[in-house]
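Please keep the sequence and the 3D view at hand while reading.

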Amino acid sequence: MADPLARFEISEEEIDRVIARFYERVRAHSMLGPVFAVHVDDWPAHEAKVARFWKNAILRKPVYDGSPMQVHRAAGNVRPGMFSTWLAEFDKVLRAELDPAQAEGWSALAHRIGRSLRQGVVERETFAGGIPKLK
């Protein structure tokens with residue numbers, strides 16, 4: 001029986017699988033791989049934390065404690081274009097690993113969260129049209 005609080009039907013195991021497959025792609029990606037490599041030295045711990053974030057966001061399980069906005073701001077190497085690339089890679093994994101309804105639901109949520117992160121991390125550093133703020 002599906003959890004009535006869940007945004008869409010998906011299991012914790014499916015979330016774990018998607019996250020593991022996604023980070024396999026990230027590590028091999030020419031742009032994203034080096035960005036993550038600077039910050040992640042324990043991939044299993046990172047993947048577990050990200051999976052907890054999604055379990056909280058999708059299943060509404062209070063298993064994640066953290067602030068993705070703060071982490072991405074503090075990283076210092078997140079640049080314009082990275083969020084769209086991240087989302088495109090994530091969508092590929094969702095389509096490959098889940099049924100269409102699950103992939104569509106998770107993708108819609110990821111894109112909403114991605115827009116928010118992009119605005120809070122990257123766009124706060126630019127003027128309209130992507131012109132950098134030089135202080």
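Along the sequence, the protein chain follows the pattern α-α-α-α-α-α. Its secondary structure comes to six helices and zero strands, where helices (H or I, at least four residues) and strands (E, at least two) are DSSP runs numbered from the N terminus. The model is predicted, and local features need pLDDT of at least 70, side-chain atom pairs count only at pLDDT 80 or more, while totals for chains, interfaces and linings use all residues. Residues are numbered from 1 along each chain as its sequence is written, and side-chain values use heavy atoms, with hydrogens and water left out.

**Confidence**

- The protein chain averages a pLDDT of 85, and 83% of the residues score at least 70; pLDDT is the predictor's confidence in each residue, from 0 to 100.
- Where pLDDT is low, the predicted coordinates should not be read in detail.

**The chain as a whole**

- Of the 135 residues in the protein chain, 38% are buried; buried means under 20% relative accessible area, exposed over 50%, and partly exposed in between (1.4 Å probe, protein chains only).
- Among contacts with a separation of 6 or more, 71% join residues 24 or more positions apart; contact means heavy atoms within 4.5 Å.

**Helix packing**

- Two packed helices are described by the angle between their axes and the distance between the axes.
- Axes are lines fitted to C-alpha atoms, for helices over the stretch in contact, and angles run from 0 to 180 degrees between N-to-C directions.
- Helix α2 (residues 32-39) packs with helix α5 (residues 82-97) at an angle of about 100°, and their axes are 11 Å apart.
- Helices α2 and α5 are therefore roughly perpendicular to each other; angles under 35 degrees count as roughly parallel, over 145 as roughly antiparallel, 65 to 115 as roughly perpendicular and the rest as oblique.
- In this contact, Leu32, Val35 and Phe36 of α2 meet Met82, Thr85, Trp86 and Glu89 of α5.
- The residues of the contact of α2 with α5 divide into five nonpolar, one polar and one charged; Ala, Val, Leu, Ile, Met, Phe, Trp, Tyr, Cys and Pro count as nonpolar, Asp, Glu, Lys and Arg as charged, and the others, Gly among them, as polar.
- Helix α3 (residues 43-59) and helix α6 (residues 100-121) have axes that come within 11 Å and cross at roughly 110°, so α3 and α6 are also roughly perpendicular to each other.
- Here Phe53, Trp54, Ala57 and Ile58 of α3 meet Trp106, Leu109, Ala110 and Ile113 of α6.
- The residues of the contact of α3 with α6 comprise eight nonpolar, no polar and no charged.

- Arg27 lies in helix α1 and counts as partly exposed, at 38% relative accessibility.
- Not counting residues up to four places away in sequence, Arg27 touches Gly33, Trp43 and Glu47.
- The side chains of Arg27 and Glu47 are joined by a polar contact of 2.9 Å; a polar contact is a pair of N or O atoms within 3.5 Å, and within protein one must be able to donate a hydrogen and the other to accept it, while residues adjacent in sequence count only if both atoms are side-chain atoms.
- His29 is found in the loop between α1 and α2 and counts as buried, at 19% relative accessibility.
- The side chain of His29 reaches the backbone nitrogen of Leu32 at 3.1 Å.
- With residues up to four places away in sequence left out, His29 touches Pro34, Thr85 and Glu89.

- Lys55, in helix α3, is buried, with a relative accessible area of 10%.
- Leaving aside neighbours within four places in sequence, Lys55 is in contact with Glu12, Ile15, Asp16, Arg60, Lys61 and Val63.
- Arg60 is found in the loop between α3 and α4 and counts as partly exposed, at 44% relative accessibility.
- Most residues other than glycine have a negative phi, and most peptide bonds are trans.
- Arg60 has a positive phi of about 60° although it is not a glycine.
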